[in-house]
Amino acid sequence: MHPLDDPETYRILDPGGMAQLVVRFPEMAEEIWQTAMRLRLPPADDATAIVVLGMGGSGVGGDLLQALLGPTFPVPVVVVKDRRIPAFVGPQTLLFACSHSGDTEETLEAYAAAKEAGAPAVVITSGGALAALAGQRGDPVVHLPAGLPPRAAVPYLFLPMVSALRRLTHMGELSGEWAEARGVLRGLVDELGPTARAEGNPAKRLAARLVGHLPAIYASSPGLAAVAYRWKCQFNENSKTLALWNTFPELNHNETVGWEDQAVARQIAVVLLREPEEDPAVARRVMATRDVAFAAAASVDEVRARGASRLARLLSLVLFGDFVSVYLALFRGVDPTPVAPIDEIKRRLAAS
Ligand code: F6R
């Protein structure tokens, strides 16, 4: 039996159950979508900017929100992954403060500063100091289940913001999107999950090709940058490996030249993240780059987003990458759940 088709592999190498958390992605999404619909929201009709605070796994939701709203949303969406907030933050900034633990120092500090500046806020957390501060400030809190690795809680961290904005602002067009995304995600779990046999499972097959190589995740357009970055971070945290990421067309203006180093190029496994249908100019650009730059790469794979709506496309690529990162961990014989260096650095900083 293929090792990734064998439940024993998961029992031994994945005691924290990361694979099952990825399987639960659509379920978590459905649950939080329903909860978020009932959330009391701050008045924000006159918001001139949206700011999302969050680090690491809790910051991904902000990146995805920016990607979802894209260039057509009438107010800017700014993601802050720092303790400092931009000077424009004030009473007309709608703030989302996201931290799964509720104890991340950068998010706590930025939240306090934004509240001092008068920003109405929604807090998304499982507890910690952030929940306590939100209570004191009277801000609405989306309470998340505790005890999950934050990166496995992405539906919980992202979808409440989508739901809130849909109710608050100019996002009426999103109404049908969740219904479609839900169906796409459930279908993907059947196709890519641990019980789908390796021979017909594109996520297991892709992970097998990445073993022993440095993955380079390239998004075919800036609209998929958030997803390429998510794949990179999941390879880092779940698979315990370094990874590159970048987006077209920007990479054609710099990184492509680095591929002339053939000795390094041979160690790199390229994954191209693409839309189901693309502008022919984008397709020509990707093809030209494959020919000119990736000839020496260990492998070049393509993963296409699924679905018609932006929401389904973004979430389908996130889910695909999450499965690949867990399978790569198992192929490498590492436990996907612990993130020892993150914990150790937090511990040292807290002690200093
Ligand atoms: C761990 C993870 C990390 C944390 C980050 C911030 O699974 O993904 O990137 O998300 O260290 O911590 P929280 O999410 O608790 O604010």
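This is a predicted model: local features need pLDDT of at least 70, side-chain atom pairs count only at pLDDT 80 or more; totals for chains, interfaces and linings use all residues.
Student: Where is Leu185, then?
Tutor: Leu185 sits in helix H8, which covers residues 177-192.

Student: Is Leu185 buried or exposed?
Tutor: Leu185 is buried, because its relative accessibility is 0% and buried means under 20%.

Student: Which residues does Leu185 touch, leaving out those up to four places away in sequence?
Tutor: Leu185 is in contact with Phe25, Pro26, Trp178, Leu315, Ser316 and Leu319.

Student: Changing topic: which residues touch the most other members of the largest nonpolar core?
Tutor: Those are Ile50, Leu65, Phe96 and Trp231, in a core of 85 residues. Helix H14 (residues 310-332) supplies the largest share of this core, 14 residues.

Student: Where does this core lie relative to domain 1 and domain 2?
Tutor: It lies between them, because domain 1 (18-171) and domain 2 (198-331) both contribute residues to it. Apart from this core there is another, of 16 residues, including Leu53 and Ala110.

Student: What does Ile50 touch?
Tutor: Not counting residues up to four places away in sequence, its contacts include Leu65, Phe73, Leu94, Phe96 and Leu165.

Student: Last one: how many residues of H15 are buried?
Tutor: Of its twelve residues, the number buried is zero, so H15 lies largely in the open. Helix H15 (residues 340-351) reaches 16 Å from its first C-alpha to its last, close to the 16 Å expected.

Conventions:
Residues are numbered from 1 along each chain as its sequence is written. Side-chain values use heavy atoms; hydrogens and water are left out. A nonpolar core is a set of buried Ala, Val, Leu, Ile, Met, Phe, Trp, Tyr and Cys residues joined through side-chain atoms within 4.5 Å. Buried means under 20% relative accessible area, exposed over 50%, partly exposed in between (1.4 Å probe, protein chains only). Helices (H or I, at least four residues) and strands (E, at least two) are DSSP runs, numbered from the N terminus. Domain bounds come from an automatic or database domain assignment. Contact means heavy atoms within 4.5 Å. The expected span of a helix is 1.5 Å times one less than its number of residues.
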